[in-house]
Amino acid sequence: SSGAEVTGVELSPEAIAAARREAETAGLSDRVRFVEGNADALPVTSAAFDAVVCECALCLFPGKAQAVAEMRRALRPGGAVAIADVTAELEDLPASLRGAAARVACIGEALPSDGYPALLRNAGLDLVATESHDGALAALAERVEARLRVARMFLTADGSADLIGEVIELVGEAQRAIIRGNLGYRLFVARQA
């Protein structure tokens with residue numbers, strides 16, 4: 001709504017500065033603010049927000065349960081939490097992708113599709129909706145693969161083309177894992193119990 005106020009929490013001071021510049025450029029500085037903070041100790045007042053949104057970040061947090069507990073603490077009674085994130089059935093991924101998972105945190109630290117609802121329930125939240133957005137993840141992988149193929153055409157002398165070729169193979173493995181349902185992107189919405 002036009003009267004909404006937004007507080008963004010980010011660990012990186014550089015990202016906060018960039019977000020503040022973008023908000024100012026968009027003419028939203030009076031309604032959007034950004035603060036430095038950690039997800040497992042949100043720098044916000046308890047019961048201050050109608051909604052908390054976590055977009056493609058929970059998979060990166062080492063203390064996922066504490067982060068979700070903090071999201072719940074920030075909510076007013078009846079408030080909602082929306083988490084959109086990568087899901088990974090790690091035991092079903094091919095070895096090549098599991099090896100890459102150690103370097104690609106959004107896969108390596110992602111939960112299986114039933115892991116996020118469990119986190120929400122354990123924090124005292126009731127799951128009210130789940131949506132699959134695997135198609136968006138597949139489209140992203142396709143765009144990444146296309147860009148890598150173009151980049152490889154321009155790199156020949158220093159071995160970079162070989163490295164890009166390896167990454168293209170990993171993207172292909174990820175695309176096949178999405179088709180099999182071992183990698184996905186889901187939205188989970190929950191309300192205070």
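Predicted model: local features only at pLDDT ≥ 70, side-chain atom pairs only at ≥ 80, totals over all residues.

Me: What do the side chains of Arg 149 and Glu 145 form?

Reply: A salt bridge, and the closest N and O atoms are 2.9 Å apart. The cut-off for calling a pair a salt bridge is 4 Å between a side-chain nitrogen and a carboxyl oxygen, so this pair counts.

Me: Is Glu 145 buried or exposed?

Reply: Glu 145 is buried, with a relative accessible area of 17%, because buried means under 20%. Arg 149, at 39%, counts as partly exposed.

Me: How many salt bridges are there by this rule?

Reply: The count comes to five. Another one joins Glu 173 and Arg 176, with the closest N and O atoms 3.7 Å apart. Those two are three residues apart in helix H7 (residues 160-180), so about one helical turn separates them.

Me: Which parts of the chain does the pair Arg 76 and Asp 50 link?

Reply: Distant ones: Arg 76 is in strand E4 (residues 75-88) and Asp 50 is in strand E3, 26 residues apart. Their side chains meet at 3.1 Å, N to O. Asp 50 is exposed, with a relative accessible area of 54%, whereas Arg 76 is partly exposed at 36%.

Me: Now for empty space. How do I find where it is left?

Reply: The general idea is to roll a probe the size of a water molecule over the atoms, and that shows where empty space is left. In this model, the largest pocket has a volume of about 1,000 Å³. It is lined by 34 residues, and the closest to its centre are Thr 7, Gly 8, Val 9, Val 52 and Val 53.

Me: Which element gives the most to that lining?

Reply: Strand E3, with seven residues. The lining of the largest pocket divides into 20 nonpolar, five polar and nine charged residues.

Me: What about the surface? Which residues make a nonpolar patch there?

Reply: Look for Val 150, Met 153 and Phe 154, which make a patch of about 360 Å². Val 150 lies in helix H6 (residues 134-154), and it is partly exposed at 41% relative accessible area.

Me: And how many helices and strands does the chain have?

Reply: Seven helices and six strands. Of the chain's 193 residues, 37% are buried.

Definitions and conventions
Residues numbered from 1 in each chain as written. Heavy atoms only, no water. 1 Å grid on protein atoms, 1.4 Å probe; cavity = no way out; pocket = protein on both sides within 12 Å on 5 of 7 lines; lining within 4 Å. Points joined across faces, edges and corners; volume = space filled by probe spheres on them. Helix = DSSP H or I, 4+ residues; strand = E, 2+ residues; numbered from the N terminus. Nonpolar A, V, L, I, M, F, W, Y, C, P; charged D, E, K, R; others polar. Patch = residues over 30% accessible without salt bridge, like charges linked within 9 Å, V, L, I, M, F, W, Y side chains within 5 Å. Areas by Shrake-Rupley, 256 points an atom, 1.4 Å probe, with all protein chains shown as cover. Buried < 20%, exposed > 50% of the residue type's maximum accessible area, 1.4 Å probe, protein only.
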